[in-house]
Amino acid sequence: MTQGSLLRQILEYENRHDPYPLYAELRKTPVLNDGDGAYVVSTYHEILSLLHDPRVSSDARNMTRAAGPDLQQQEEETALPPSFIRLDPPEHDRLRRMTNTSFGPPHEPRRVHEMRGELGGIVSDLIAGIGSTDRIDLVEEFSYPFPVTVICRLLGVPREDESRFHGWADTLAASLDPMPGEDATERNKIAQKARTELGMYLAGLIEERRRNPQEDMLSELATLKGPDGSMTTMELLSTAALLLIAGHETTVNLITNGMLTLLRNPDVLRRLREDPGLSVPLVEELLRFEPPVQLVPNRTTLADIEIAGVTIPKGASLWLVVAAGNRDPLRFKDPDRFDPDREDIEHLGFGSGVHSCFGAPLARQEAQIALSELARRLVNPRLLEDPPEYRRNAVLRGPRHLPIACDDIMP
Ligand code: HEM
């Protein structure tokens, strides 16, 4: 198999249900140049080192046209500045610090901590609302509405507007997938339109919260005055859009992948039912074993970087395949085994370094509550399709539907 064809196979939809054998193949060349300019890195230590390397930029303005979609142009056309996931320090740090004053962790677990009871309530209501136990689509009935309700409440987006940004979030998530050798113009146009519409929607909401502040994060960020100053309206718009999308398309996959993995490992499911505390190490192992973000595609080198015997030239685009790094046998013992008792579990599921996932404390808590409650309340749950149908996305990978059945639902 040629290197280029290996990459294409990984992106091909028919391999979405199990890309792991292809990742094993990919790791034989830890730093692979696909010939289109992108360098694909698939081994744990190399990915970690690049995630911490200040010569690696996340700033879309450093991306050359050849290296990926022209995000700078995209952002100019939509008049939205890049959010902090696409900025380097010190601009990144200032915006992340400001956003954190309202969110909490790691400095102060306030908002996420306060939400624990509320999260349990949302989970209970969703489980109570499950229709027939003969066929439950876990995605539609549970894993999707749960984190979406949470992120809406956190930010202060009215729940009735959710269906509007559902479409925008899906479009923007799809636009993350690399398209080697293909013309992405049409797809970028659709993504721009979604970004503009989401921006306009949020601008109206922010305006409203400035006039009439509530307890939510959007109100707090709109009225924030701290050591880093205040956010401009444009910065606030980009930050809110980032949180909304990031809180939308990732946790749903963690919960769905989690239930799928538990149903494939009934001993672990039984243990979780008896001991909800197992959910803590179990969610970490899931983030290693089936990470919702499979690869981090948006990096550019600011200098020549030598790694694993390869010199990645300045200006190259990097894809860091964290899902392959998480199964690297040089880092994890027996990596293809799902083992919640694993002690050494520093996975790359939330990235690492300055851009490591901002929402990790929330996502962990959501997944822990969701999986332990599903394990406790669903009596004799079983998969109706294995493998289930997957979403098209290669970057944000997860089942589109997860049909299951159970005998009963406990109160
Ligand atoms: C299981 C769920 C989640 C996973 C697997 C996940 C994964 C990730 C990963 C891999 C990154 C690093 C991206 C990079 O290095 O370029 C990241 C960044 C980020 N995530 Fe998450 N995420 C999840 C949930 C959330 C939630 C719920 C939120 C919002 C509340 C969130 C907000 C963010 C933000 C704002 C960043 C950018 C951080 C920065 O640039 O400093 N994520 N996430």
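Residues are numbered from 1 along each chain as its sequence is written. Because the model is predicted, local features need pLDDT of at least 70 and side-chain atom pairs count only at pLDDT 80 or more, while totals for chains, interfaces and linings use all residues. Element names follow DSSP runs: helices (H or I, at least four residues) and strands (E, at least two), numbered from the N terminus.

**Exercise 1. Describe how helix H7 packs against helix H9.**

Step 1: Two packed helices are described by the angle between their axes and the distance between the axes. Axes are lines fitted to C-alpha atoms, for helices over the stretch in contact, and angles run from 0 to 180 degrees between N-to-C directions.

Step 2: The axes of H7 (residues 116–128) and H9 (residues 145–155) come within 10 Å and cross at roughly 140 degrees. H7 is therefore oblique to H9. The classes are: under 35 degrees roughly parallel, over 145 roughly antiparallel, 65 to 115 roughly perpendicular, and the rest oblique.

Step 3: The crossing of H7 past H9 is right-handed. A crossing is left-handed if the near helix is turned anticlockwise from the far one by less than a right angle, and right-handed if clockwise.

Step 4: H7 contributes Leu119, Ile122, Val123 and Leu126 to the contact, and H9 contributes Pro145, Phe146, Thr149 and Val150. Residues are in contact if their C-beta atoms, placed from the backbone, lie within 7 Å.

Step 5: Seven of these residues are nonpolar, one is polar and none is charged. Ala, Val, Leu, Ile, Met, Phe, Trp, Tyr, Cys and Pro count as nonpolar, Asp, Glu, Lys and Arg as charged, and the others, Gly among them, as polar.

**Exercise 2. Is Phe146 buried or exposed, and which residues does Phe146 touch?**

Step 1: Phe146 lies in helix H9.

Step 2: Phe146 has 23 C-beta neighbours inside 10 Å, so Phe146 counts as buried. The cut-offs are 20 or more other C-beta atoms within 10 Å for buried, 12 or fewer for exposed, and partly exposed in between, with C-beta atoms placed from the backbone.

Step 3: Not counting residues up to four places away in sequence, Phe146 touches Ile122, Val123, Leu126, Ile255, Glu366 and Ala370.

**Exercise 3. Describe the packing of H15 on H18 and of H11 on H13.**

Step 1: H15 (residues 266–274) and H18 have axes 8 Å apart and pack at an angle of about 95 degrees. H15 is therefore roughly perpendicular to H18.

Step 2: Leu269, Leu272 and Arg273 of H15 meet Leu371, Ser372, Ala375 and Arg376 of H18. This contact has four nonpolar, one polar and two charged residues.

Step 3: H11 (residues 185–211) and H13 have axes 10 Å apart, with an angle of about 115 degrees. H11 passes H13 in a right-handed crossing.

Step 4: On the H11 side the residues are Leu198, Gly199, Leu202, Ala203 and Ile206, and they meet Thr233, Leu236, Leu237, Ala240 and Ala241 in H13. By class, the contact of H11 with H13 has eight nonpolar, two polar and no charged residues.

**Exercise 4. How many residues surround the ligand, and which element gives the most?**

Step 1: The ligand is surrounded by 24 residues, of which the closest are Ala246, Thr250, Gly351, Cys357 and Gly359. A residue is near a molecule if its C-beta atom, placed from the backbone, lies within 6 Å of it.

Step 2: Two or more residues come from each of H13 (233–249), H14 (251–264), strand S5 (296–301) and H18. H13 gives the most, with four residues.

Step 3: The shell has 14 nonpolar, nine polar and one charged residues.

**Exercise 5. Locate the cis peptide bonds and the positive phi values listed here.**

Step 1: Most residues other than glycine have a negative phi, and most peptide bonds are trans.

Step 2: A cis peptide bond joins Pro89 and Pro90, with omega about 5 degrees. Pro90 sits in the loop between H4 (71–78) and H5 (91–103).

Step 3: Asp386 and Pro387 are also joined by a cis peptide bond, with omega about 5 degrees. Pro387 is in the loop between S10 (382–383) and S11 (403–405).

Step 4: Asp334 has a positive phi, near 50 degrees, and lies in the loop between H17 (322–325) and H18 (360–377). With 8 C-beta neighbours inside 10 Å, Asp334 counts as exposed.

Step 5: Asn380 has a positive phi of about 55 degrees and lies in the loop between S9 (378–379) and S10.

Technical notes:
Two residues are in contact if their C-beta atoms, placed from the backbone, lie within 7 Å.
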